[in-house]
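The following paragraphs lead through selected features of the structure shown below, moving from strand pairing to side-chain surroundings.

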Amino acid sequence: MNKKGLTPAKAPEAKKSSTTELAVGQPGELLEFLLASLAGRSRNSVKSILARGQVSVDGRTVTKYDHPLQPGQRVHVSWAKVIGERENELVGLTILHEDDDVIVVHKEAGLLSIATAQEKDLTAYRQLMEHVRRSDPRARIFILHRLDRDTSGVMMFAKSERVQQQLQNDWQDAVQERTYVALVEGAVRNPEGTVKSWLKENKAMMMYSSQKPDDGQLAITHYKALKTSKDYSLLEVRLETGRKNQIRVHMKDIGHPVVGDKKYGSRSGAIGRLGLHAHVLAFRHPRSGEVMRFESKVPPVFMRVFKPE
């Protein structure tokens, strides 16, 4: 079993075959299964294999990182060059909307929003920069907010520094709705509630809560239970503020860490990924003033921990 909670099958010895067959041993998601199974291949390499349509599950081609897997399924990886392969295909990203001012995308779990000093991996930012420069070599994109690498869902980028500043300066009013879905450990006692604290970061880059007013950045999180069992709860989470790791810290604070979040106390790797998804983003368009709403469906793997009644 690897660190993501998956038990990969051993890949057969490489002979002359152009296809590798893998057996699924435990529930999880396709990208993490492939990373564990295809030893020696980098994360970027495996993402590219998926994006090029070289992977099939039970005979059906799959390109989504978060495609759910169940025990007994067969995954085939084709090493032959894919006919019609597109060099410019986005990896782990789907553009939901694009105009002269903003780009709205769905980001899959496993993809960095933007590179950090420690990690120079493939990122949403870099791919979208390349995307806009295909039509205008001088074009740029600008960060408005981030999603953690292992969080999937809706996010938005600006296409000019002016729009970036306008939206960031007016973020509380511009963003009409920002809702997440979180799969957490245990059954929450209260069907809904609010968590308020001041967030700080320690030397180990861990965020933590302080109850002392103004001792850090104010963070307010509202949650409502959508589904519960004795082992798990599926929560709708609405952010009143948007701080680093806010949901993950606040879920730990109430004793229900996000599934798969070992950094903040999770002991469960039941779904093979972090149980956090940016479900809805609604904002007032910086030019037209029109309220635009984008929704990314809840990953099916989030529901698989709830047994049929």
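Two strands are taken to pair if DSSP finds at least two bridges between them, and the strands themselves (E, at least two residues), like the helices (H or I, at least four), are DSSP runs numbered from the N terminus. This is a predicted model, in which local features need pLDDT of at least 70 and side-chain atom pairs count only at pLDDT 80 or more, while totals for chains, interfaces and linings use all residues. Residues are numbered from 1 along each chain as its sequence is written, and side-chain values use heavy atoms, with hydrogens and water left out.

By this pairing rule, strand 16 and strand 17 are antiparallel partners joined over five bridges, and R284 has V291 of strand 17 as its bridge partner. The hairpin that these two strands form has six residues between them, and G289 there takes a positive phi near 80°. Strand 16 also pairs with strand 10 (residues 152-158), in the parallel sense and over two bridges, and with strand 11 (residues 175-185), to which it runs antiparallel over seven bridges. A278 in strand 16 stands opposite G153 and also opposite Y180.

With buried meaning under 20% relative accessible area, exposed over 50% and partly exposed in between (1.4 Å probe, protein chains only), eight of the nine residues of strand 16 are buried, so the strand is largely enclosed by the rest of the structure. H277, which is found in strand 16, is buried with a relative accessible area of 1%. Its side chain makes polar contacts (pairs of N or O atoms within 3.5 Å; within protein, one must be able to donate a hydrogen and the other to accept it, and residues adjacent in sequence count only if both atoms are side-chain atoms): the side chain of H277 reaches the backbone oxygen of S296 at 3.0 Å and that of K297 at 3.0 Å.

The structure holds one aromatic pair, where rings of Phe, Tyr and Trp (its six-membered ring) pair if their centres lie within 6.5 Å, and planes under 30 degrees apart count as stacked, over 60 as edge-to-face and the rest as tilted. The ring centres of F283 and F294 are 6.1 Å apart and their planes stand at 20°, so the pair is stacked. The two residues lie 11 residues apart in the chain, F283 in strand 16 (residues 276-284) and F294 in strand 17 (residues 291-295). F283 counts as buried at 0% relative accessibility, and F294 also counts as buried, at 13%.
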